[in-house]
Amino acid sequence: MRVQLQHAYCIHSRSYRETSQIVEMLTPEHGLVSCIRRGLKKTNGSVGLLFSPLLISWSGRGDLFTLTHVESVGAKKITVPALYIIGMYLNELILRLVPKSSPSKEVFNLYQHIVGVLDDGDNQEKLLRLFEVELLALIGHGLSLDKEIDHETPIQKDCTYRYDVGLGPVKVMQKSTAWNVIKGTTLLSLQSPLSMDSTCLLEAKRLMRGIINLHLANRPLHSREILQFMQA
Amino acid sequence: MSINYANNGAQAPSLLDSLIESLKCLPGVGPKSAQRMAFHLLQRDRDGAKNLADALNKAVKEIGHCGNCRIFTEHEFCFICTDRSRLSSQICIVESPTDVFTIERSTDYKGLYFVLMGRLSPLDGIGPKELGLEALEKRLSKLEVKELILATNSTVEGEVTAHVISELAKKYNISTTRIAQGMPVGGELEYVDQNTIAQAFSSRRNY
């Protein structure tokens, strides 16, 4: 198989032998693609790939292809080192949640959009929630945010709900500190995370963390550990 | 015509086979180079081979990490940390022990070091614990450090590592500096990649 000049973002790269790298590329038409990038020290080994819009070509068969061409087609989208960790969190989610080689223009566009606006302003928390909600929806684990578990009863702002992953919200009478017990107003505002207030953001963060943990079978996200270390 | 002993277990004596196999653990050494090295040592330089074996044995047994900066040494503390003429108010953070020797060879830096033995790379499972950031924090809390020089590589992972350490330094009111990034010495604009030029422009200085 030979694929020419596809738009891509590098999600992860790791050294392989002396002068090669194994890179995971997110593409719109071929999904996540693993490629081997050879001869780094001889050519442009110093060029960082992460967070830069790329045009790539690859060839080969099986699960690991050979990257035959890579060029940057724009400036790096994330330029502030403090935001690299957030970018790595996005990358870790993509790598751990998105199935390999399942083409999705929507996932590519979502990643491109979020990476492109992370540098602007200070609404990174909201952008992360937006990314998490949209990504889960795109890979078939969408959340039910406006209707109860019966798909009919609308969520009410002032009520409290227990979110059962895979099923939906169930109204509960008692308040609780459990990660999946959440106010109706937070559930509703998760439909448009960019306009969330700070109280909802905290609850939404707890809920999304719990849901993502379940989808990752409770294996920890290492980028989250780094963020927690910084906050300690 | 040469016979590839490494790939021919039936004909090759097992000791020779295992020597060739062992030499392949060196970086850049494949089966052919390993075979050539083994033959050279056995045919032409048996004394050299003995010395190499002794040195390797001794090094593996005795060389550990410096209790302060974590570079390789057979003593409790390395030659840099025990040198009293060096400034203990400056600590340079690097990713690997080879970086220490590169800086020592190329600059007149007279402070101390801390070697991370890697860089933060969440997707490879390398977090703050694996880099010994807790040991660094202990060192920062004990010593009177005035400047932390962040000399991690100019990769995304290197930048993240530098950023996390700079946040750590803030807790102890220690100033941090980052090694400069941009145009390589002797480089021409035409041949430099976009990201490097962008970096060079954003960190331009008065001239």
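Good morning. I begin with two strands of chain B: strand S3, residues 87–94, and strand S5, residues 147–150, run parallel and are joined by 4 bridges. Within this pairing, Cys92(B) stands opposite Ile149(B) of S5(B). Please keep in mind throughout that this is a predicted model.

In chain B, 4 strands form an open sheet with parallel pairing, and their order is S4-S3-S5-S6. Which strands are at the edges? In chain B they are strand S4, residues 111–115, and strand S6, residues 175–178, and each of them pairs on one side only. From one strand to the next, the twist averages 25°.

Two helices deserve attention next. Helix H4 of chain B, residues 97–106, packs on the sheet and touches S3 and S4 of chain B. The direction of H4 makes about 155° with that of S4(B). Helix H5 of chain B, residues 133–142, also packs on the sheet, where it touches S3, S4 and S5 of chain B. For H5 too, the angle with the direction of S4(B) is about 155°.

I turn to the chain as a whole. How is chain B divided? Its domain 1 covers residues 15–62, and its domain 2 covers residues 72–206. Between the C-alpha centres of these two domains of chain B there are 34 Å.

The size of an interface is often expressed as the accessible area that is lost when the parts come together. For chain B and chain A, about 2,200 Å² is buried between them, and 71% of this lies on carbon and sulfur atoms.

What of salt bridges and polar contacts? Between chain B and chain A, the count of salt bridges is 0. The count of residue pairs in polar contact between chain B and chain A, with both residues at pLDDT 80 or more, is 1.

Conventions. Residues are numbered from 1 along each chain as its sequence is written. Chains are lettered from A and ligands numbered from 1 in the order in which they are written. This is a predicted model: local features need pLDDT of at least 70, side-chain atom pairs count only at pLDDT 80 or more; totals for chains, interfaces and linings use all residues. Side-chain values use heavy atoms; hydrogens and water are left out. Domain bounds come from an automatic or database domain assignment. Two strands pair if DSSP finds at least two bridges between them. Axes are lines fitted to C-alpha atoms, for helices over the stretch in contact, and angles run from 0 to 180 degrees between N-to-C directions. Contact means heavy atoms within 4.5 Å. Buried area is the accessible area (1.4 Å probe) that two parts lose on being put together, summed over both. A salt bridge is a side-chain nitrogen of Lys or Arg within 4 Å of a carboxyl oxygen of Asp or Glu. A polar contact is a pair of N or O atoms within 3.5 Å; within protein, one must be able to donate a hydrogen and the other to accept it, and residues adjacent in sequence count only if both atoms are side-chain atoms.
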